[in-house]
Amino acid sequence: MEEKKEITCIGCPIGCMLEVTLEYNEVKDVKGYTCLKGKTYAIKECTNPTRILTSTVKVKNGTTNMVSVKTIQDIPKDKIKECMDEIKGLAVKAPIHAGDIIVSNVAGTMVDIIATKDVPEHL
Amino acid sequence: MVEHEVIIIGGGPAGLAAAIGAREEGIEDILILERDNNLGGILNQCIHNGFGLHTFKEELTGPEYAKRFVEKVEEMHIPYKLNTMVIDVNKDKVITAVNEEDGVIELKAKAVILAMGCRERPRGAIHIPGSRCAGIYTAGAAQKFVNIDGFMPGRDVVILGSGDIGLIMARRMTLEGGNVKAVIELLPYSGGLKRNVVQCLDDFNIPLKLSHTVVKIHGQDRLTGITIAKVDENRKPVKESEEYIPCDTLLLSVGLIPENELSEKADVELSGVTGGPIVNESLQTNVTGIFACGNVLHVHDLVDYVSEESILAGKNAARYINGKTFDEVFIEVNTCDGVRYCVPKFINPENITKSISVRFRVGDVYKDKYISIYFDGHREIHIKKRILTPGEMETIKLTEAIFKKYPTCKEITIKVEGE
């Protein structure tokens with residue numbers, strides 16, 4: 001079955017409107033791109049869209065309430081909500097160092113969530 | 001009065017890079033004054049990624065980008081005072097500051113680097129009628145509540161302004177369980193990066209209402225809703241298009257203003273367009289020995305460029321202390337026909353090693369136009385641009401060789417041209 005999708009290219013400020021024709025989740029055609037970046041993006045975005053997720057996690061006994069975190073690699077876009085649910089309600093103990101693993105294999109993505117800042121212990 | 005060679009006001013990305021620049025040029029006696037309780041400035045609350053692509057060739061989050069510079073400052077043993085608010089600077093470079101430990105202190109500097117950054121335009125700057133209820137915040141204030149303090153300022157959210165901070169906060173509030181009902185933009189296009197429109201709004205099905213504005217605020221103690229309306233080509237609201245949106249929170253992302261109250265006290269001359277000091281190629285202001293860099297000078301869209309500019313300001317402050325002067329004016333740089341401003345305003349070619357980056361912004365969206373640079377009426381640079389938008393700062397490098405070609409040049413003009 002043929003399906004058409006419209007997406008905006010993020011490669012540069014022009015923001016070309018890309019029309020992607022999909023058949024059984026396979027890209028058959030991309031229209032509207034002005035450079036190769038757009039075509040590559042359209043194919044990736046329609047077959048395997050991924051994002052880096054950044055958020056915060058509660059800290060116990062730290063100098064600040066929250067520690068900022070990120071997925072160390074891209075995760076599938078449709079896993080964002082599940083990942084957020086998994087880190088909600090979580091609390092980690094200070095001291096924390098940037099790069100520390102906060103959650104491993106978040107939401108079964110095989111990707112770890114790491115701290116992006118240091119939070120010293122509150123003395 | 002304690003004396004220092006270089007005093008830097010502000011310990012954000014600009015101040016940190018300026019300190020590193022001054023130390024690399026051999027200045028031992030440097031002091032950074034920072035009003036917050038840690039270094040790194042606003043980067044600490046910008047937890048999203050995308051910083052540092054130009055400088056480090058990787059995408060860092062704000063805190064990670066800040067950490068690289070903070071660690072360098074620590075390694076270099078550059079002294080800094082936290083929780084220290086500068087309340088006065090004068091043209092003799094006497095700085096008055098206050099903190100809990102020292103009380104009120106007076107410091108004298110041989111060179112001052114202004115690196116205070118910018119602040120957000122508040123509700124008062126855009127005149128939205130309606131009641132003065134709680135629930136209206138600038139996007140940056142909400143960002144601090146959520147990312148640093150860990151609490152949500154509200155549940156049902158509307159965001160006015162589609163600059164990058166507004167877009168980033170639309171996503172952030174959504175991820176934290178907020179219901180972001182719409183992003184409202186006065187202009188017919190978003191002021192933010194395409195990437196942010198797609199990844200912060202489209203990903204979460206948040207509507208972007210272009211050519212719309214908020215015409216009324218409703219609520220007694222707490223915001224209960226807003227009325228929005230379409231605007232015509234003169235940006236005037238169209239009465240018939242009014243629409244009520246119930247919400248308990250309105251975030252404002254309606255522009256940034258360089259924070260220059262201190263600069264004015266030191267008789268530093270400001271630009272009416274950028275709101276920042278008027279500087280020359282060496283980033284020196286009209287006051288000898290006072291330099292400016294980062295968002296206090298003009299609002300940048302990439303922190304990488306702030307760092308690059310600020311290292312240069314630090315190095316020039318060091319050269320000034322070592323006896324060099326930057327007071328002679330040779331060439332004035334003017335802008336017209338679509339180019340709103342440029343930094344620097346004055347150039348002395350003798351002070352340029354290899355090349356100088358001239359940064360500027362256009363006032364409208366232009367497709368398939370040219371950026372032209374004239375040296376006294378001779379068009380020397382003519383670059384085709386597929387797109388120019390006010391949201392993207394443009395940079396053009398002028399080389400030493402070009403200046404040698406025009407030894408008597410008095411004026412450089414930058415403009416947008418059709419052909």
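This is a predicted model: local features need pLDDT of at least 70, side-chain atom pairs count only at pLDDT 80 or more; totals for chains, interfaces and linings use all residues.

Tutor: Let us begin with helix α1 of chain A.

Student: What makes the length of helix α1 (residues 36–47) of chain A agree with its number of residues?

Tutor: The 12 residues, at 1.5 Å a residue, should span 16 Å, and the end C-alpha atoms of α1(A) are 17 Å apart, which agrees.

Student: Which residues of α1(A) are buried?

Tutor: A residue is called buried if 20 or more other C-beta atoms lie within 10 Å of its own. In α1(A) the buried residues are A:G38, A:Y41, A:A42 and A:E45.

Student: Why are the buried residues of α1(A) said to line one face of the helix?

Tutor: Seen down the helix axis, the buried residues of α1(A) fall within an arc of 105°, so they line one face. The face turned away from that buried side carries A:L36, A:K44 and A:T47, which are exposed. Among the elements covering the buried residues of α1(A) are β1 (2–8), β2 (17–23) and β3 (26–31) of chain A.

Student: Why does B:R155 count as partly exposed?

Tutor: The class lies between two limits: a residue is exposed with 12 or fewer neighbours and buried with 20 or more. B:R155 has 13 C-beta neighbours inside 10 Å, so B:R155 counts as partly exposed.

Student: Where does B:R155 lie, and what is B:R155 in contact with, leaving aside its neighbours within four places in sequence?

Tutor: B:R155 has its place in the loop between α4 (139–149) and β11 of chain B. With those sequence neighbours set aside, B:R155 is in contact with B:G178, B:N179 and B:D248. As for B:G135, 20 residues away along the chain, its C-alpha atom is separated from that of B:R155 by 10 Å.

Student: How do you know that strands β11 and β12 of chain B pair?

Tutor: Two strands pair if there are at least two bridges between them. Strand β11 (residues 156–160) of chain B is joined to strand β12 (residues 179–184) of chain B by 5 bridges, and the two run parallel; they therefore meet the criterion for pairing. One bridge partner to note is B:V183 in β12(B), which belongs to B:I159.

Student: What is the order of the open sheet in chain B that holds these strands, and which are its edge strands?

Tutor: The 5 strands follow the order β10-β17-β11-β12-β13 in chain B, with parallel pairing. The edge strands are β10 (136–138) and β13 (208–209) of chain B, as each pairs on one side only. Helix α5 (residues 164–175) of chain B lies across β11, β12 and β17 (249–252), and runs at about 165° to β12(B).

Student: In which sense does β8 of chain B pair with β7, and in which with β1?

Tutor: Strand β7 (residues 94–99) of chain B pairs with β8(B) in the antiparallel sense over 6 bridges. A hairpin through 3 residues joins β7(B) to β8(B), and B:I95 has B:L107 as its bridge partner in β8(B). Strand β1 (residues 2–9) of chain B, by contrast, runs parallel to strand β8 (residues 103–114) of chain B and is joined to it by 7 bridges; here B:I113 in β8(B) is the partner of B:I8. Strand β19 (residues 290–292) of chain B also pairs with β8(B), in the parallel sense over 3 bridges, with B:F291 opposite B:I113.

Student: Which domains does the assignment give for chain B?

Tutor: The assignment divides chain B into domain 1 (1–120 + 255–327), domain 2 (122–254) and domain 3 (328–419). The C-alpha centres of domains 1 and 3 of chain B lie 26 Å apart, and 14 residues of domain 1 are in contact with 16 residues of domain 3.

Student: How many residues of chain A are in contact with chain B, and what supplies the largest share of that side?

Tutor: 21 residues of chain A are in contact with 22 residues of chain B. β5 (54–60) and β6 (66–71) of chain A each supply at least two residues of the side of chain A that touches chain B. The largest share, 4 residues, comes from β5(A).

Definitions and conventions
Residues are numbered from 1 along each chain as its sequence is written. Chains are lettered from A and ligands numbered from 1 in the order in which they are written. The expected span of a helix is 1.5 Å times one less than its number of residues. The arc is that of the directions from the helix axis to the C-beta atoms. Two residues are in contact if their C-beta atoms, placed from the backbone, lie within 7 Å. Axes are lines fitted to C-alpha atoms, for helices over the stretch in contact, and angles run from 0 to 180 degrees between N-to-C directions. Domain bounds come from an automatic or database domain assignment.
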